[in-house]
Amino acid sequence: IHDTRLESLAAIASLSGFNAPIERAFWAMDEALEGHPDYSGRVRADARSLIGQLILFLSHCLDDTPNMAKGYFEFLFETDGAKPLEIELQRACWHTLRLQASGFPQHQVLEEVRDIAAGRADIAVVRPGWRMVVEIKRELEDASRDGIRKYLGQAATYELTGPRIGFLVVLDLVSQRGWPLTLTDNCWVEPVRGAGDSAARMVCVWRIPGARQPPSQAKTPIH
């Protein structure tokens, strides 16, 4: 096994809840970042930890039930009220990271952090030498990979004064209500590179299916 794979195994060893599908999703994202000039040393260790935690968050969102989702995770299921708001996903993600993020003290997991790339970060993990920003969005029209790409620019802009590795979590309220996709199909890595960039800015993406119907109402896709 290559040294980088051993390091990656060590990074996820402390994370509870990992199973084979979660591990495969983690490897895919880790390998997509491998070779980037900023994905090394302690930055890579911290990024790996955050990637693992956000994959676990996605896994929980896919497994949660309507009864247990009441409260912070109600946005996951169809209700009679208005469509879930972005802030609902932000709260759930922040609480999850704050309570269980391995390797990050609670006081380093912050929300609504100002003065980052001339803007405000939804969630930031502020380390002594750098920070990692998690941008939160909701999508009401086109939550395909192509549709979500419109948010990559903002997520990548938060990388101006830190590692060129960002994080984007999108609440999908349109494409997976009746047929949610698997964990593997809901997380990936996108490179973003402008004409003057010396290296691509990498954005790790998680798509959270929201306003879903219960499995008993799922219909078999017909092509």
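View 1. Along the sequence, the protein reads α-α-α-α-β-β-β-α-α-β-β-β. Helices (DSSP H or I, at least four residues) and strands (E, at least two) are numbered from the N terminus. The model is predicted: local features need pLDDT of at least 70, side-chain atom pairs count only at pLDDT 80 or more, and totals for chains, interfaces and linings use all residues. Residues are numbered from 1 along each chain as its sequence is written, and side-chain values use heavy atoms, without hydrogens and water.

**View 2. Overall dimensions.** The C-alpha trace spans about 45 × 40 × 40 Å along its principal axes. Of the 223 residues, 47% are buried (under 20% relative accessible area, 1.4 Å probe, protein chains only). Among contacts (heavy atoms within 4.5 Å) with a separation of 6 or more, 65% join residues 24 or more positions apart.

**View 3. Strand β3, residues 131-139.** Seven of the nine residues of β3 are buried, so this strand is largely enclosed by the rest of the structure.

View 4. Strand β2 covers residues 119-126 and runs antiparallel to β3, with four bridges between them. Strands count as paired if DSSP finds at least two bridges between them. V125 sits opposite M132 of β3.

**View 5. The β3-β4 pairing.** Strand β4 spans residues 165-172 and runs parallel to β3, joined by six bridges. E135 has L168 in β4 as its bridge partner.

Key:
Buried means under 20% relative accessible area, exposed over 50%, partly exposed in between (1.4 Å probe, protein chains only).
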